[in-house]
Amino acid sequence: MLTMKNVVSKEKQYGLTKAQLDILLPKKGQNIVNNEKTKNNFTLFLAEFKSPLVVILIVASILSFSTGSFIEGLIIITIVILSSIINFVSYYRSNKAVAMLLKKVRLIVSVYRDNVIVRIPAEELIPGDVVVLEAGNIVPADGLIRESKDFFVNESSLTGESLPIEKNHGDEIFLGTGVVTGTALLDVVRIGVATKYYSIVAGLSKAQPKSEFEIGIRKFSVLVTKVAIGMALVVFIINAIFKGDILSAILFATAISVGITPELLPMIIALNTSRASVRMSKKGIIVKKLGAVQNFGSMDILCTDKTGTLTEDKITVIKYLSSNGQDSEYVLELAYITSMFHTGHRGSLDQAISETKKFDITSYQKIDEIPFDFERRRDGMVIIKDNVRTLISKGAPENVLTVCNMSDVDRSKAQKLFESLSMEGYRVLAVATRVLIEKKEVYEPKEENSMHFEGFIAFIDPPKKDVKKVLDELIRRGIHIKIITGDHLLVAEKIAKEVGFESIVTLDGPDIEKMSDDELSVKLEATNIFSRVVPDQKNRIIYLLKTQGHVVGYMGDGINDAQALKTADIGISVSNAVDVAKESADIVLSHKSFRELIDGVLEGRKTFTNTTKYISMAVSSNFGNMFSMTGASLIFRFLPMLPAQILLNNLLYEVSQLSIPFDTVEEDILNKPRPWNINFIKHFMIVFGLASSVFDFLTFFILFKIFHLSDGSFQTGWFIQSFATQTLVIFIIRSPKVFWNTIPSSLIVRVTIWASIFVAWSIALSVVGHIFGFVSLPLYIVIAIAGIVILYLLTIEIIKHSFYKRFAI
């Protein structure tokens, strides 16, 4: 049998020597296609200061210094530095955790070094290396074919051409293309940014399609920007015209725009997703792209093959029958010959054939191989014995029977036998032969004609024992399963019934081919089994489901699944999948199992919920405070809160929110997908923000009219009230349920919230507060403010129930 090891002759020298490597490795760089240069930690830290908000604050501090407000400028720049340090440390830890996880699924290649095959990460390749390639591999660099055998590659990632192309000695192949069949040795010529892939794809900086979550974040950013600019302009105009202090107006307006913005949002997202990816890795789920975590939680449709998900993925040969339905070892022997002479990656059916019975095939010699493709859905093997050349074809029965020379009666008998086997739940291959008269070195698919039908091979892959329970849980969690398979309709229906599909609606590949997109879209919602589907049809089904508003996941592990994995919102593969499938996936499971997938979905929903929880709370709180300040600017001759006090409030509040990723999520929230809802956030901001403002104005009235406070004492009183309400309200609005039934079980959340209040009040009411313009308050005023806070929280609890009845999540 020909394998990748005996493609090469032992007399030849392959690969770079150690002496050559010592010279070349330091010079050539890494085989990485990336538009961005690797940045050191100091450069990454400096990048924090590129944020528009940070730039505004730095300008504000410069204005303060230039006008003699030294303390205020120092406070602003200190807050900027502290915020940047917190951001940098959080990002650094998150990225480090993710990098460790990605190492588990990075591309490993077989390469000759000192004439010995070794396995190394693809990024360590350099020009001059000799790489061993076989079916299922991704080509890891640009280069020239040194030796090959029946070597076909798919170049659709570069050219759009979906049919495999044969490559022979001296032909050029490119990074990112996929090996369909055969074996080859590749002389590496170009790596990294010098490759054609970089010049065509990465060099154009083509943006990847935005995920549902990314689109939501962008809409949210637009909303916040509009509100921030609008309020800042109003505040500036009021203070500049009516109070005549341009500098104070600029600083106050700047503080307003900063205060309304949840500037820690990117960090919260990074913390949430990195923590989720680490937790998921402990359950056998490796997240390759962090943005996929939230989409995982939003997924409402999962498209998958039945093998390994509904079935045990333990395929065995159960029958081998001649054309008249009798047991026939000759049919099994023909299939065995093609399986053993097959080059490259051996599929599960070929593996099952080779393990059923061993035949002596030493008298046979392989002449050529006609590789499988998804148009013909069969492969061919040309062998010679006793000077007679024979073409053996095996594949999907409907595709093999079409090239057989048969009478109508024999064809009808074969079709009925095939359908009978399929109705029993067996996967079936047909086998046919043809004696070849013309002697050639290379044979083409056109030789597959006027063949003699030999019989069928039937396989069984038993259903998983607990799959009904798992399917029920998926449905309970709001995820609908759609089976997309290349098997015959009858086989898919049989398995679906055995695992407990309550209703079965099917659509066959040949029928899909005849439908327009509009016609197919009408059928998609109700259909849960798609049979005899080719790769282009998989892609089309997933794309149309997405256009209907669904968040679609696709689970695949084969060469033919790569495009569908990329098209889906969530591409899911498994650790033993071929390279092209793993590279195309967003998430890699250690086992092809719905159980692991459910664990991942729940983590995704927790992450999505905690992220949107932070956004809703932060933007409503900030909006309420800034709305109150805008109104106060019209009422009082003094600023209701100094710019430095606003920034301190904002900093301490944002730090308190760092505990949100550790918050618990109620079970009922996990039971259905949570798609992004910008309208919900907008209404949340307005309702709870204005409710907060009502109590702010109540506080203004009590502090100004009853206690007759002004300037520093007024600012101190409102600061402690504002900070207490916006932090403690987390316990109320974090869940639609009554708050005393949903106190966070995480000690981190409880401690962080109370600690932040303690720090804020301690600064404001102690001698340290003088730095920020605070003054000490009598105890009775502090008690009165505490009473306002309690009344506010009880009111928000009442409003919350009405809100969630109207705006259900």
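Arg532 is buried, as its relative accessible area is 18%. Buried means under 20% relative accessible area, exposed means over 50%, and partly exposed lies in between (1.4 Å probe, protein chains only). Arg532 sits in the loop between strand E18 (529–531) and helix H19 (535–547). Helices (H or I, at least four residues) and strands (E, at least two) are DSSP runs, numbered from the N terminus. Arg532 is not a glycine, yet its phi is positive, about 50 degrees.

This is a predicted model, where local features need pLDDT of at least 70, side-chain atom pairs count only at pLDDT 80 or more, and totals for chains, interfaces and linings use all residues. Residues are numbered from 1 along each chain as its sequence is written, and side-chain values use heavy atoms, with hydrogens and water left out.

## The whole chain

The protein chain has 28 helices and 21 strands. Of its 809 residues, 56% are buried. The chain exposes about 35,000 Å², and carbon and sulfur atoms supply 59% of that area. Accessible areas come from the Shrake-Rupley method with a 1.4 Å probe; for residues, only the protein chains shown count as cover. Take the contacts with a separation of 6 or more: residues 24 or more positions apart account for 74% of them. Contact means heavy atoms within 4.5 Å.

## Sheet and hairpins

Eight strands form an open sheet with mixed pairing, in the order E8-E21-E20-E19-E9-E16-E18-E17. Strands E8 (285–287) and E17 (506–508) stand at the edges with a single partner strand each, so one side of each has no neighbour in the sheet. From one strand to the next, the twist averages 20 degrees. Within this sheet, E9 (residues 301–304) and E16 (residues 480–484) pair in the parallel sense over four bridges. Two strands pair if DSSP finds at least two bridges between them. Ile301 has His480 in E16 as its bridge partner.

Now turn to strand E12 (residues 378–385). Seven of its eight residues are buried, so E12 is largely enclosed by the rest of the structure. E12 pairs with E11 (residues 365–373) in the antiparallel sense over six bridges. Here Ile370 stands opposite Gly380 in E12. E12 also pairs with E13 (residues 388–395), again antiparallel, over eight bridges. In this pair, Ile384 stands opposite Arg389 in E13.

Both hairpins have a residue with positive phi. Four residues lie between E11 and E12, where Arg377 has a positive phi near 55 degrees. Two residues lie between E12 and E13, where Asp386 has a positive phi near 55 degrees. Arg377 is buried, with 14% relative accessible area.

## Salt bridges

The structure holds 32 salt bridges. A salt bridge is a side-chain nitrogen of Lys or Arg within 4 Å of a carboxyl oxygen of Asp or Glu. Three of them are listed here.

| Pair | Closest N to O distance |
|---|---|
| Arg427 and Asp487 | 3.2 Å |
| Arg595 and Glu473 | 3.0 Å |

Arg427 lies in strand E14 (residues 427–436) and Asp487 in the loop between E16 and helix H16 (489–498), so their bridge ties together parts 60 residues apart in sequence. Both Arg427 and Asp487 are buried.

Arg595 lies in helix H22 (residues 594–635) and Glu473 in helix H15 (residues 467–476), so this pair ties together parts 122 residues apart in sequence. Arg595 is partly exposed at 34% relative accessibility, whereas Glu473 is buried at 14%.

Lys613 also lies in helix H22, while Asp663 is in the loop between helix H23 (643–656) and helix H24 (678–706), so the pair ties together parts 50 residues apart in sequence. Lys613 is buried at 6% relative accessibility, and Asp663 is buried at 7%.

Arg532 and Arg377 return here: they are linked with Glu398 and Asp508 in a network of salt bridges.

## Inside and outside

Ser422 lies in helix H14 (residues 408–423). Ser422 is buried, with a relative accessible area of 0%. Beyond its neighbours within four places in sequence, Ser422 is in contact with Val428, His488, Leu490, Val491 and Lys494.

Asp360 is exposed, at 57% relative accessibility. Asp360 belongs to the loop between helix H12 (348–356) and E11.

Phe65, Phe70 and Leu74 form a nonpolar surface patch, with about 280 Å² of accessible area together. Patches are made of residues with over 30% relative accessible area and no salt bridge: like charges are joined within 9 Å, nonpolar side chains (Val, Leu, Ile, Met, Phe, Trp, Tyr) within 5 Å. Phe65 lies in helix H3 (residues 52–66) and is partly exposed, at 34% relative accessibility.

Terms used. Axes fitted to C-alpha atoms, helices over the stretch in contact; angles between N-to-C directions.
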